[in-house]
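Thank you all for coming.

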Amino acid sequence: MTDDPIVAEVRRSREERARRFDYDIHRIFADMMSRSVPTDPMHPIVENVDQWLETAAARETLLVREEPPPE
């Protein structure tokens, strides 16, 4: 099987990150989460189901429809 340079780079990067955090999955995850930011307002990050339902309900009221909702 031939070596894929992309797979090799991903594995090298993964190993480097793991080594930097002493192979502690909790520290690796905390670092990843600290770097993640919601960049798209159309896809907000929510913390729980209630927050998601609230966001979905608010978004539903902002939708532009071709026809009025049924009564």
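This is a predicted model: local features need pLDDT of at least 70, side-chain atom pairs count only at pLDDT 80 or more; totals for chains, interfaces and linings use all residues.

Residues are numbered from 1 along each chain as its sequence is written, and side-chain values use heavy atoms, with hydrogens and water left out.

Let me start with helix H1, residues 5–20, and helix H2, residues 25–35, which pack at an angle of about 110° with their axes 9 Å apart. Helices here are DSSP runs of H or I with at least four residues, numbered from the N terminus, and the axes are lines fitted to C-alpha atoms over the stretch in contact, with angles running from 0 to 180 degrees between N-to-C directions. The angle makes H1 roughly perpendicular to H2, a term that covers 65 to 115 degrees.

Which residues make this contact? On the H1 side they are Arg-17, Ala-18 and Arg-20, and on the H2 side Arg-27, Ile-28, Asp-31, Met-32 and Arg-35, where contact means heavy atoms within 4.5 Å.

Now, please find Asp-31 in helix H2. Leaving aside residues up to four places away in sequence, Asp-31 touches Arg-17 and Phe-21. The side chains of Arg-17 and Asp-31 meet in a salt bridge, at 3.8 Å from N to O, and by salt bridge I mean a side-chain nitrogen of Lys or Arg within 4 Å of a carboxyl oxygen of Asp or Glu. This pair links distant parts of the chain, with Arg-17 in helix H1 and Asp-31 in helix H2, 14 residues apart.

Are the two partners buried or exposed? Asp-31 has a relative accessible area of 12% and is therefore buried, whereas Arg-17, at 25%, is partly exposed; buried means under 20%, exposed over 50%, and partly exposed in between, with a 1.4 Å probe and protein chains only.

The structure holds five salt bridges, and one of them joins Arg-12 to Glu-16, whose closest N and O atoms are 2.7 Å apart. Both of these residues lie in helix H1, four residues apart, which is about one turn of the helix. Arg-12 and Glu-16 are also linked with Glu-9 in a network of salt bridges.

Methods: Helices (H or I, at least four residues) and strands (E, at least two) are DSSP runs, numbered from the N terminus. Angles under 35 degrees count as roughly parallel, over 145 as roughly antiparallel, 65 to 115 as roughly perpendicular and the rest as oblique.
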